[in-house]
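Me: Could you walk me through this structure, one feature at a time? I would like to learn how to read each of them.

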Amino acid sequence: MQGSEINFSYKLIRKSKKNLSIRISGKEVIVSAPLSMNRQKIEEILLKKKDWIEKKLSQNSSAEQKFLPLLNCKEILIGKIVYPVVFVKNSKYLKFDGRALLIPDVIMNNEESLKASVKKWYKAYAKIRLCEMLERVGDRTKLKYNKFSLTDSKNKWGSCDRNGNIKLNWRLAMLEEKTAEYVVIHELCHTYYLDHSKNFWNLVSVFCPDYKLFRKTLKMDAALCMYLKK
């Protein structure tokens, strides 16, 4: 890499656009640059943003350490409440009993199988919880959507396309109810406005006056988007 003062690596993506943008996802720095911008100019901009980038990388690293028991499947997070993982004998299925996630002990020492099983359980749990939330919030706000599905995105909590199809990150089940509900409101409002215009945020504020607070919360919890992500 050119520019010895840059002590982090980055992924460069070329696009038909006017300006350069930088996104931090976990430990990864993703740079989206115009097709015509040369590498020297790109790294000049990165040097100007160096302190901000390193601060974000440090924050994400601290968050990863905080969530290490989660990453090792020693505990789970539901509604921002931590529950232990308990391995049990003579069991075939994962089960949450309200106090702990019970996991068959036959996969206890198989890290790959353990993480895959926990992720499968999480997605099944999240699908039920988020579908119920979407229906409840939709009824309350009178905002209609077309279809709902889960997403495994590492950088988005949700999305809505022009056909009113909403995708929600299954990791929302790990967050507090009100925070997850804000994301649902956000995506439902996109059924009216696909952009983030003033009209969009005005509509969001009607149903969620404290949306700015929840946006900050989501930024602080962004590292969770990397949970069980290959």
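Me: Is Trp121 buried or exposed?
Reply: Burial is read from relative accessible area: buried means under 20%, exposed over 50%, and partly exposed in between, with a 1.4 Å probe and protein chains only. Trp121 has a relative accessible area of 12%, so Trp121 is buried. Please keep in mind that this is a predicted model, in which local features need pLDDT of at least 70 and side-chain atom pairs count only at pLDDT 80 or more, while totals for chains, interfaces and linings use all residues. Residues are numbered from 1 along each chain as its sequence is written, and side-chain values use heavy atoms, with hydrogens and water left out.

Me: How many aromatic pairs are there?
Reply: A pair of aromatic rings is described by the distance of the centres and the angle of the planes. The rings of Phe, Tyr and Trp (its six-membered ring) pair if their centres lie within 6.5 Å; planes under 30 degrees apart count as stacked, over 60 as edge-to-face and the rest as tilted. By that rule there are 8 aromatic pairs. One of them joins Phe96 and Trp121, with 6.2 Å from centre to centre and 55° between the planes, a tilted pair. The two residues are 25 apart and link distant parts of the chain, Phe96 being in strand S6 and Trp121 in helix H4. Helices (H or I, at least four residues) and strands (E, at least two) are DSSP runs, numbered from the N terminus. Phe96 is partly exposed, at a relative accessible area of 24%.

Me: Which residues form one aromatic cluster?
Reply: The cluster consists of Tyr83, Phe96, Trp121, Tyr122, Tyr125 and Trp170. Trp170 sits in the loop between strand S10 (166–169) and H5, and its relative accessibility is 0%, so Trp170 counts as buried.

Me: With which residues is Trp170 in contact?
Reply: Contact means heavy atoms within 4.5 Å. Leaving aside neighbours within four places in sequence, the contacts of Trp170 include Tyr122, Ala126, Leu150, Asp152 and Tyr227. Trp170 and Val118 are 52 residues apart in sequence, with 12 Å from C-alpha to C-alpha.

Me: What is the order of the strands in the open sheet of 4 strands?
Reply: Two strands pair if DSSP finds at least two bridges between them. Here the order is S4-S5-S7-S6, and the pairing is mixed. Strands S4 (75–78) and S6 (95–96) are the edges, each pairing on one side only. S6 is antiparallel to S7 (residues 101–104), over 2 bridges, and Lys95 stands opposite Leu102 in S7.

Me: At what angle does helix H4 run to S4?
Reply: Axes are lines fitted to C-alpha atoms, for helices over the stretch in contact, and angles run from 0 to 180 degrees between N-to-C directions. Helix H4 (residues 111–141) runs at about 15° to S4 and lies across S4, strand S5 (81–88), S6 and S7.

Me: Where does a positive phi occur in the hairpin of S2 and S3?
Reply: Gly26 has the positive phi, near 65°, in a hairpin with 2 residues between the strands. S2 and S3 (residues 28–34) run antiparallel and are joined by 5 bridges. Ile24 has Val29 in S3 as its bridge partner.

Me: What volume does the largest pocket have?
Reply: The search uses a 1 Å grid over the protein atoms alone: a pocket is an open set of points where a 1.4 Å probe fits, with protein on both sides within 12 Å along at least five of seven lines, and lining residues have an atom within 4 Å of a point. Grid points are joined across faces, edges and corners, and a volume is the space filled by probe spheres set on the points. For the largest pocket this comes to about 1,200 Å³. Among its 34 lining residues, Asn155, Trp157, Leu218, Lys219 and Ala222 are the closest to the centre. Elements giving two or more residues to the lining include strand S2 (21–25), helix H2 (50–66) and helix H5 (177–189).

Me: Is Glu187 buried or exposed?
Reply: Glu187 lies in helix H5 and is buried, at 5% relative accessibility. Beyond neighbours within four places in sequence, Glu187 is in contact with Gly158, Ser159, Cys160, Ile166 and Leu168.
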